[in-house]
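Take a look at the model below. This short report walks through how its parts pack and pair.

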Amino acid sequence: MKKFLIVGLGNIGSEYANTRHNIGFKILDYVAHAEGISFQTQKLGDVAELKIKGRTLLLLKPNTYMNLSGKAVNYWLEKEKIEKENLLVITDDLNLAFGTIRIKTKGTDGGHNGLKNIQLLLNSSEYPRFRFGISDAFKKGKQVDYVLGEWDEIEKEQLKERLALSAEIIKSFALAGLNTTMNTFNGK
């Protein structure tokens, strides 16, 4: 059975639950709810297992806080003997308009501390990532407040459709592959 590690980046704790920075957790929570599976706290994170058409998807929400996400990613890749090409890291992106989807085979950390730590511990920037746009609608010097701020009412309403689309992307990654997923969903 082919295995995949789907990692949603975020910070643990109720104070972060509905923040823009936690979109990775929010997407995985949506998938788990829609599929009727639940997360169990295990080493370095909360994990849920989703089986679809001969594939096993391990959904991981690291409990290491954002800046140390690589520790959990590296541990679960090694523990489950999953290749980097079957890893998908879901993260927020300030450089994309709200809700914009960008799936890539590799790339820089783009100033994102979670990605920076993953790249450091994997010793590679060549792993698939799914960037979810949160926009850059903040005043100079207010980036941290914005990223750790909660969604506004318009964003909350639009998130419903974006979360459903994100769930489709995760399934497509496991069933159709990265290239097909990029061609189908990038820019949507």
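## Two helices in contact

Helix 2 (residues 69-80) packs against helix 3 (residues 113-122) at an angle of about 45°, and their axes are 7 Å apart. Axes are lines fitted to C-alpha atoms, for helices over the stretch in contact, and angles run from 0 to 180 degrees between N-to-C directions. Helices (H or I, at least four residues) and strands (E, at least two) are DSSP runs, numbered from the N terminus. The crossing is right-handed (the near helix is turned clockwise from the far one by less than a right angle).

Which residues of helix 2 and helix 3 make the contact? Helix 2 brings Ser69, Gly70, Lys71, Val73, Asn74 and Leu77. Helix 3 brings Gly114, Asn117, Ile118, Leu121 and Leu122. Contact means heavy atoms within 4.5 Å.

7 strands form an open sheet, in the order 2-3-4-1-5-7-6, with mixed pairing. Two strands pair if DSSP finds at least two bridges between them. Strand 2 (40-42) and strand 6 (101-104) are the edge strands, each pairing on one side only. From one strand to the next, the twist averages 25°.

Strand 1 (residues 2-8) and strand 5 (residues 87-93) run parallel, joined by 4 bridges. Val7 stands opposite Val89 in strand 5.

## About the model

This is a predicted model: local features need pLDDT of at least 70, side-chain atom pairs count only at pLDDT 80 or more, and totals for chains, interfaces and linings use all residues. Residues are numbered from 1 along each chain as its sequence is written, and side-chain values use heavy atoms, leaving out hydrogens and water.
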